[in-house]
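The sequence and the model are shown below.

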Amino acid sequence: MLSRLGVGDPFTDGGDLSCRTPITGGELGRMTSHTTEEVAAVVGRAQQAFGQWRLVPGPVRGQLVRELGLLLREHKADLGALVSIEAGKIVSEGLGEVQEMIDICELAVGQSRQLFGNTIATERPGHRMMEQWHPLGVVGVVSAFNFPVAVWSWNSALALVCGDPVVWKPSEKTLLTALACQALVAEAARRVGAPADLCQLVIGGPAIGQALVDDPRVALVSVTGSTRMGKQVAPRVAGRFGRLLLELGGNNAAIVTPSADLDLTVRGIVFAAAGTAGQRCTTLRRVIAHSSIVDRLVEALASAYASLPIGSPLAEGTLVGPLIDSTSFEGFEKALAAAQADGGELVVGGERVLVGEGEQAQQSFYVQPAIVKMPRQTDIVKHETFSPVLYVLSYDTIEEAIEMQNDVAQGLSSSIFTLDLREAELFLSAAGSDCGIANVNIGPSGAEIGGAFGGEKETGGGRESGSDSWRAYMRRATNTINYSTELPLAQGVEFG
């Protein structure tokens, strides 16, 4: 599979990085980290490539991304399977992640012909004022394990059409998918004659990420990960006046009102809460249901949860694959214990599920997704646990529900299930959800690339993917042109 994707044998004896699959917990091989000196050299080569690439017209730059999209189509099955093997996603989600890469390539190719500014009215006769957008510089991308290829593509496709080279530091847990993406984009660059160092990869632990973050030649640092990591990165980049694009934690809720279509609601909640084994930043973690329907909703959810097929993500029919590792499993157990200590009632799930036999069953970490009915929104409910724990709370008024939904530090995604137009519009208004994403009659998990993706508060405020997210990868210049023989000053100032 790696060979078909253009990757040579990546493994080295005695390497310091272990490549594992959460499906069995077994080791696939070992790789060797880059050094901080190598990171500096990579950034230097990217800076040289920037000098060439920024002079290439936008529509011509788009041809590189178009070629990448074609290669992704050709290798979708292999790359999707590699995502499943390395990140533990079920087959349809692995393929869906690659499709998301294809989609962002299509969007970026179109965007390459629309990197437009504005013409602005000026108070001075014989003058014209306008703004232009220019390439920014080297973009450093730091990504997480749960979307090992899509997040890189969100950044890279737009950065490349905007005239920027990319240096990528992937999660140490998903190195093989990163190597495959690097091979595909290198082949795309070769086919269109683009500079070879436009997209580069650095691998290793926190020291490698820190070297990339601290390099003053990296104009924009795009980080996807935990809020804790974002709090470490942000002051380092701000201290050197670099730009930041942060996509951090989420603690996403769904309000369920008395008028909600219960069947639709249950289906929406189950995917949003249990899909990807709860390991999405947009995973549904809190259900806030009206007191008149909460018991009926919990009963329906418990029935659906009890029937979820759990097992190898490569097996047909599986809907819930493994947690990424033992650390995630420990967090799952601690969260359930804390919730029960706070008076929570474990309705369903919470058990470890052994998949396979012998040592394999002990090395992998599969769990039954859990539902916990909570008496109130305690500290553990306000904390993001990156595993399939769903807390259910109740409310009496829609204003109370919205206040509860907003009463967490994170502000990524949110949703409401209602057939009441007033409730829906209130939820979407300035007095409603304070999240970057607010949905009606669908869950908070899963997003199309046409809309800007990101959140507020401790989610970091960044926006990636669609809408005008491309502007993060460019610098703005305001231009005033005097085509008259006079020299009037703005605001009526006279100096002569």
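Asn441 sits in the loop that runs between strand β19 (437-440) and strand β20 (452-453). In this model, which is predicted, the phi angle of Asn441 is near 65°, a positive value in a residue that is not glycine.

Lys457, however, belongs to a strand, β21, which covers residues 456-457. With a relative accessible area of 37%, Lys457 is partly exposed.

Two further residues can be described through their surroundings. Val139 is part of strand β5, residues 138-142, and its relative accessibility of 0% places it among the buried residues. Setting aside residues up to four places away in sequence, Val139 touches Ala159, Asp164, Pro165, Val166, Val167, Val218, Leu220 and Tyr473. Although Val139 and Arg217 are 78 residues apart along the chain, their C-alpha atoms are separated by 9.1 Å.

Met229 is found in helix α8, which spans residues 227-239, and at 23% relative accessibility it counts as partly exposed. Apart from neighbours within four places in sequence, the contacts of Met229 are with Val142, Val223 and Thr224; of these, Val142 falls within the residue range of strand β5 (138-142). Between the C-alpha atoms of Met229 and Met1, which lie 228 residues apart along the chain, the separation is 33 Å.

| Residue | Relative accessibility | Class |
|---|---|---|
| Lys457 | 37% | partly exposed |
| Val139 | 0% | buried |
| Met229 | 23% | partly exposed |

Turning to the chain as a whole, the model contains 15 helices and 23 strands. Its radius of gyration is 24 Å, close to the 23 Å that the globule rule gives for 496 residues, so the chain is as compact as a globular protein of that length. Taken along the principal axes, the C-alpha atoms fill a box of roughly 80 × 60 × 40 Å. Buried residues account for 55% of the 496 residues, and the accessible surface comes to about 20,500 Å², with 52% of that area belonging to carbon and sulfur atoms. Among the contacts with a separation of 6 or more, 75% are between residues 24 or more positions apart.

One cavity of 30 Å³ or more is counted, and the largest cavity has a volume of about 60 Å³. It is lined by 13 residues, of which Gly88, Lys89, Thr276, Ala277 and Gly321 are the closest to its centre. By class, that lining consists of six nonpolar, five polar and two charged residues.

The second largest pocket holds about 240 Å³ of space. Its lining is made up of 15 residues, and the closest to its centre are Arg20, Pro22, Lys173, Ile324 and Asp325. Sorted by class, the lining of this pocket has four nonpolar, six polar and five charged residues.

Definitions and conventions: Residues are numbered from 1 along each chain as its sequence is written. This is a predicted model: local features need pLDDT of at least 70, side-chain atom pairs count only at pLDDT 80 or more; totals for chains, interfaces and linings use all residues. Side-chain values use heavy atoms; hydrogens and water are left out. On a 1 Å grid over the protein atoms alone, a cavity is a set of points where a 1.4 Å probe fits but cannot get out, and a pocket is an open set with protein on both sides within 12 Å along at least five of seven lines; lining residues have an atom within 4 Å of a point. Grid points are joined across faces, edges and corners, and a volume is the space filled by probe spheres set on the points. Ala, Val, Leu, Ile, Met, Phe, Trp, Tyr, Cys and Pro count as nonpolar, Asp, Glu, Lys and Arg as charged, and the others, Gly among them, as polar. Helices (H or I, at least four residues) and strands (E, at least two) are DSSP runs, numbered from the N terminus. The radius of gyration is taken over C-alpha atoms; the globule rule is 2.2 Å times the number of residues to the power 0.38. Buried means under 20% relative accessible area, exposed over 50%, partly exposed in between (1.4 Å probe, protein chains only). Contact means heavy atoms within 4.5 Å. Accessible areas come from the Shrake-Rupley method with a 1.4 Å probe; for residues, only the protein chains shown count as cover.
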